[in-house]
Amino acid sequence: MKTQIQKMVKNKVLITGNEAMAEGAIQAGCSFYAGYPITPQNEIPAYMSVHMPRSGGIFIQAESEIAAINMVFGAAACGVRAMTSSSSPGISLKQEGISYIAGAELPAVIVNVMRGGPGLGNIWPAQSDYFQATRSGGHGDYHCIVLAPHSVQEAFDFMGLAFNLADKYRTPVMILSDGMLGQMMEPVVVSSQRSAVSGARKKLSTKKWALTGCKGRKPNVVKSFYMLEGDLEKFNLSLQKKYSAIKNREQRYEGLSLDDGKIILVAYGTMARIAKNVVAKLAKKGKKIGLIRPITLWPFPNNVFSSLKRKQKILVVEMSYGQMLEDVRLAVNGRLEVGFLGRAGGGIPKEEEIIRALNNL
């Protein structure tokens, strides 16, 4: 009789981060994908173009990024699990549509495989879209839940989490990856929910609010347009109540050596992989360094920072010039000394640079 571990090993596949997100979305029940090519995320639409039809879903290469996000709006309004993906400039073009999705309280998943910027930039990895993602780059008072995987396994796993959170709160969820994580290959445990024969997935429960035709019932309304005085403010207050609930319930992070670490590194995504190597390397030399890896960038995991001791120091490391740094400073509220190391435009802080910054703190 095979053990559970043996079954898991058998199900491991070598796959890129982009392909892992695409397969994770299909297994999570994604039935509609619309996107437009842009490096370094092109493996996602390429994978979807082959596998979505096989699984009974719909793949569309839209004529533009703007068209793609509005197609996702329409599909989400019909109650299906819908997603799009792009890279930094393409996500900028989608911002109006993302605001419409949030305003209509529709669940949708958006993947951003970040590249260097500003402007056209280059295809090297960066984390410079943090502000855009966590401050919700479109118009109006809204938020996206933002998840940051740091491995190809998490790139796969977080797709199911993203769709579940989107449905739970009827809100857009963004996966913030980058060019390095999207292109790297790692072995991933794939617990397939698709039939090996037809590729079909289990049916998801129907959504009572969706636009599925109103024969035998009152019509549903999906909108973000409120004309009467006071109605839009009342709706905004209900959104804020929802966002407050998300902040209280959905903070996620990984913590290492938080009790005894003299200095706590803070890094997310790809940078957290490098930071983990630094923590392990210095631990062999008897140096106690901790790590906080935010998994939700919004809501930011403020709670874990409040548990840090006053004698501890923090070093924020990111592939941008101090974007997450602002959230860390807000979280500690002046209680702790906060240092910073950042590079951008394709520059990646190296282990040696991080160690020097730790020694100088």
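**Entry 1: Thr-84**

I began with the side chains of Thr-84 and Lys-94, which are joined by a polar contact of 3.0 Å. This is a predicted model, so I read every distance here as a computed one. Thr-84 sits in strand β4.

Is Thr-84 buried or exposed? Thr-84 is buried, because its relative accessible area is 0%, and the cut-off for buried is under 20%. I then listed what touches it, leaving aside neighbours within four places in sequence. Among the contacts are Tyr-33, Ala-34 and Gly-35, then Ala-68, Ile-69 and Val-72, and also Val-109, Ile-110 and Val-111. Lys-94 turns up in that contact list too.

**Entry 2: helix α4**

Ala-68, Ile-69 and Val-72 sent me to helix α4, where they are among the buried residues. The others I noted there include Glu-65, Ala-67 and Ala-75. What covers the buried residues of α4? I found β2, β4, α5, α6 and β5 among the covering elements.

Next I checked the length of α4. It has 13 residues (65-77), so at 1.5 Å a residue it should span 18 Å; the end C-alpha atoms are 19 Å apart, which agrees.

Then I looked at both ends. At the N-terminal end Ser-64 is the cap, with a side-chain oxygen 3.4 Å from the backbone nitrogen of Ile-66. After the helix comes Gly-79, and its phi is positive, near 95°.

**Entry 3: strand β7**

I moved on to β7, residues 172-178. Why do I call this strand largely enclosed by the rest of the structure? Because seven of its seven residues are buried. In a regular strand the side chains alternate between the two faces of the sheet. So I checked each side of β7 in turn. Pro-172, Met-174, Leu-176 and Asp-178 are buried on one side, and Val-173, Ile-175 and Ser-177 are buried on the other.

Which strands pair with β7? One is β5 (residues 108-114), which runs parallel to β7 and is joined to it by seven bridges. I picked out one of the pairs: Ala-108 has Pro-172 as its bridge partner in β7. Another is β6 (residues 145-147), also paired in the parallel sense, over three bridges. There Ile-145 has Val-173 as its bridge partner.

I also traced the path from β6 to β7. It goes by way of helix α8 (residues 152-169), and the three make a right-handed β-α-β unit.

**Entry 4: Gly-17**

Gly-17 lies in helix α2, residues 17-27. Its relative accessible area is 0%, so Gly-17 is buried. Not counting residues up to four places away in sequence, I found that Gly-17 touches Val-152, Ala-155, Leu-181, Gly-182 and Met-184.

How far apart are Gly-17 and Met-185, in sequence and in space? They are 168 residues apart along the chain, but their C-alpha atoms are 6.5 Å apart.

**Entry 5: Ser-320**

Ser-320 is in the loop between β13 and α13. A polar contact of 2.5 Å joins its side chain to that of Glu-318. Leaving aside neighbours within four places in sequence, I noted that Ser-320 is in contact with Gln-127 and Ser-128, and with Phe-340, Gly-342, Arg-343 and Ala-344.

**Entry 6: helix α14**

For α14 (residues 351-360) I asked which residues are buried. They are Glu-351, Glu-353, Ile-354, Ile-355, Ala-357 and Leu-358. These pack against β10, α11, β11, β13 and β14.

**Entry 7: the whole chain**

Last, I stepped back to the protein chain, which has 14 helices and 14 strands. Its radius of gyration is 21 Å, close to the 21 Å that the globule rule gives for 361 residues, so the chain is as compact as a globular protein of that length. Along its principal axes I get a C-alpha trace of about 70 × 60 × 45 Å.

How much of the chain is buried? Of its 361 residues, 54% count as buried. I also looked at contacts between residues at least 6 apart in sequence, and 79% of these join residues at least 24 apart.

Conventions: Residues numbered from 1 in each chain as written. Predicted model: local features only at pLDDT ≥ 70, side-chain atom pairs only at ≥ 80, totals over all residues. Heavy atoms only, no water. Buried < 20%, exposed > 50% of the residue type's maximum accessible area, 1.4 Å probe, protein only. Helix = DSSP H or I, 4+ residues; strand = E, 2+ residues; numbered from the N terminus. Pairing = 2+ DSSP bridges. Right-handed = clockwise from strand over helix to strand, strands pointing away. Contact = heavy atoms within 4.5 Å. Expected span 1.5 Å × (residues − 1). Polar contact = N/O pair within 3.5 Å; in protein donor to acceptor, adjacent residues only side chain to side chain. Rg over C-alpha atoms; globule rule 2.2 N^0.38 Å.
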